[in-house]
Amino acid sequence: MEFSREKIRQIRHLMLLAALLILGLIYSNQVFQGIAFLIGIITPFLAGGAIAFVLNIPMKAFEDRVFARWKGKSAKKCKRPVCLVLSIVSVLLVITVVVGTVVPQVASTASEIGKKIPAFMDRLMEELDLLAKKYPELTDQINKLDLEEINWDSLLNGIFDFLKNGAGDMLNSTVSVASGIISGIVNGVIAFIFALYILAQKERLENQGQRIISAYLPEAAGKKILEICSLLYKNFSSFITGQCLEAVILGTMFVISMSIFRMPYALMIGVLIAFTALIPIVGAFIGCAVGAFLILIDNPLQALWFIILFLILQQIEGNLIYPKVVGNSVGLPAIWVLMAVSVGGSLFGISGMLLFIPLMSTCYTLLRESVNKRNSRRKPLAVIAPEKQKLPDGNARKKQQNKKESST
C-alpha cells in the first residue's frame with residue numbers, strides 16, 4: 001500500500017509531535033523550570049503591554065474626540081505626544097484622588113483607635129471584675145490551675161534561642177525583601193518605558209504584526225486570527241470602560257445613600273468602594289469591610305446599619321447594574337458574566353476575574369457566529385403533518401345509521 005506525499009508528511013508531523021510530548025513528559029521538571037524562567041523574563045514586557053492597553057483607552061478618546069480637528073502634518077506630530085501625556089495625567093489624577101481621599105482618613109482613624117485602646121482596656125478590666133464577682137466559680141477554677149509546673153528556665157532559653165536564630169533569618173528576609181523591592185521598581189520602569197514605545201508606534205507595530213501573519217500563515221487562517229484579535233481588543237476595552245462606569249455608579253450610590261442617612265466617612269467609603277469595585281462582583285466587599293470597621297470605631301449601631309445598607313445596594317448592583325452595564329458592554333448575557341467571574345476567580349483569583357469576562361465574551365461571539373453559519377448552510381427540515389380526518393360526533397353517527405336503515 002503506497003502513501004501519497006501529503007499523507008507521509010502528516011504521519012511525519014504526528015510522529016514528531018508524539019516524540020515531543022514524550023520528551024516533555026519525561027523531562028517535565030526541566031520543562032516547567034524553563035517555562036517559569038521565560039515567564040520571569042517576559043513579565044515586564046507583559047506588564048508594559050497591559051499598561052499600554054489601559055492608557056490607550058483615554059488616549060484614543062483624546063485623539064478621536066478632543067483633538068479630532070488636528071489634521072495637519074505639524075499638528076499630527078504633536079497630537080500623539082499631547083494625547084499620551086494627557087492620558088497619563090488623567091490616570092495619575094484618578095489614582096491621586098483615590099489615595100488622597102482614603103489614606104488621610106485611614107491614618108486619622110488609626111490614631112483615634114490608638115487613643116481609644118487604653119479606655120477600651122479599662123472597660124474590659126471592669127467588665128472582667130464584674131464577671132468575677134457575679135460568677136465566683138470562675139475565679140475558683142482559675143486559682144486551681146497549677147502554674148508552678150511551667151518550666152520558666154526552659155521557656156526563657158527557648159526564647160533566647162529563637163531570638164538568636166531569628167536574627168539571621170530576619171537579616172536574610174530583609175535582604176530578600178529589599179532585593180524584591182529593587183527588582184520590582186526596575187521591572188516597573190522597564191514596563192512603563194515599553195508601554196510608551198508601544199503607544200508611540202502602535203500603528204507601525206500593528207502593520208508589522210499583520211505582515212508577519214500574512215507571510216507565515218495561510219490567507220484564511222490569517223484573516224481568522226486578525227478577526228479574533230480585533231474582537232479581543234474590542235471586548236477588553238469595552239470591559240474596562242464598563243467596569244469603570246459600574247464602579248463610579250456604585251460609589252455614587254454609596255455616597256448619596258450614606259449622606260442621606262448621615263453616616264460618617266461617606267465620601268471616603270464611597271471612593272474606597274468604587275476603587276475596590278474594579279474587581280468584579282467581589283471587590284466591593286473589601287471596601288465594605290474597611291468602611292464597617294471605620295464606622296464601628298465611632299458608632300457600632302451605625303456600623304450594623306451600614307452593613308445592611310451595603311447588602312441592599314450590593315444586591316441591586318449585582319443583579320441589575322453589573323450584568324446590564326458590564327454584560328451589555330462586552331455583549332455577554334448576565335448569566336455568562338456571573339459564570340465567567342466564578343470560574344475565573346476559582347482558577348486564577350482576581351486576575352482570572354478580570355480576564356475571563358472578555359475572554360468568555362470572545363468565545364461566546366465566535367461560537368454564536370459559527371452556529372449561525374452552520375445552521376444557515378443546512379436546509380430546514382420540513383415536517384409535513386398528516387391531515388387528521390374529523391370523526392363524526394354522536395348525532396352524525398345516528399343520522400348515518402338511520403339513512404342506511406331507510407335505504408334497506
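A: In this predicted model, the axes of helix H8 and helix H9 (residues 283-298) cross at roughly 155° and come within 7 Å. An angle over 145° counts as roughly antiparallel, so H8 is roughly antiparallel to H9. The crossing in which H8 passes H9 is right-handed. On the H8 side the contact uses Met268, Ile269, Leu272, Ile273 and Thr276. These residues meet Gly283, Ala284, Ile286, Gly287, Cys288, Val290, Gly291, Leu294 and Ile295 of H9. By class, the H8 and H9 contact has 10 nonpolar and 4 polar residues, with no charged ones.

H8 also packs against H7. Helix H7 covers residues 219-260 and helix H8 residues 266-276; their axes lie 8 Å apart, at an angle of about 160°. H7 and H8 are therefore roughly antiparallel to each other. H7 passes H8 in a crossing that is right-handed. From H7, the contact takes in Ala247, Leu250, Gly251, Phe254, Val255, Met258 and Ser259. From H8, Ala266, Leu267, Ile269, Gly270, Ile273 and Ala274 take part. The residues of this contact between H7 and H8 comprise 10 nonpolar, 3 polar and no charged. Ile269 and Ile273 of H8 are listed in the contact with H7, and Ile269 and Ile273 are also listed in the contact with H9.

Phe254 of H7 has a further partner. The structure holds 6 aromatic pairs. In one of the pairs, the rings of Phe254 and Phe310 have centres 5.7 Å apart and planes at 35°, so the pair is tilted. Phe254 belongs to helix H7 and Phe310 to helix H10 (residues 300-330), so the pair ties together parts that are 56 residues apart in sequence.

H7 also has a contact with H2. Helix H2 (residues 28-66) packs with H7 at an angle of about 80°, and the axes are 11 Å apart. That angle makes H2 roughly perpendicular to H7. Phe53, Val54, Asn56, Ile57 and Lys60 of H2 meet Tyr233, Phe236, Ser237, Ile240 and Thr241 of H7. The residues of the H2 and H7 contact divide into 6 nonpolar, 3 polar and 1 charged.

As to confidence, the protein chain has an average pLDDT of 76, and 76% of the residues score at least 70. Where pLDDT is low, the predicted coordinates should not be read in detail.

Conventions:
Residues are numbered from 1 along each chain as its sequence is written. This is a predicted model: local features need pLDDT of at least 70, side-chain atom pairs count only at pLDDT 80 or more; totals for chains, interfaces and linings use all residues. Side-chain values use heavy atoms; hydrogens and water are left out. Axes are lines fitted to C-alpha atoms, for helices over the stretch in contact, and angles run from 0 to 180 degrees between N-to-C directions. Helices (H or I, at least four residues) and strands (E, at least two) are DSSP runs, numbered from the N terminus. Angles under 35 degrees count as roughly parallel, over 145 as roughly antiparallel, 65 to 115 as roughly perpendicular and the rest as oblique. A crossing is left-handed if the near helix is turned anticlockwise from the far one by less than a right angle, and right-handed if clockwise. Contact means heavy atoms within 4.5 Å. Ala, Val, Leu, Ile, Met, Phe, Trp, Tyr, Cys and Pro count as nonpolar, Asp, Glu, Lys and Arg as charged, and the others, Gly among them, as polar. pLDDT is the predictor's confidence in each residue, from 0 to 100. Rings of Phe, Tyr and Trp (its six-membered ring) pair if their centres lie within 6.5 Å; planes under 30 degrees apart count as stacked, over 60 as edge-to-face and the rest as tilted.
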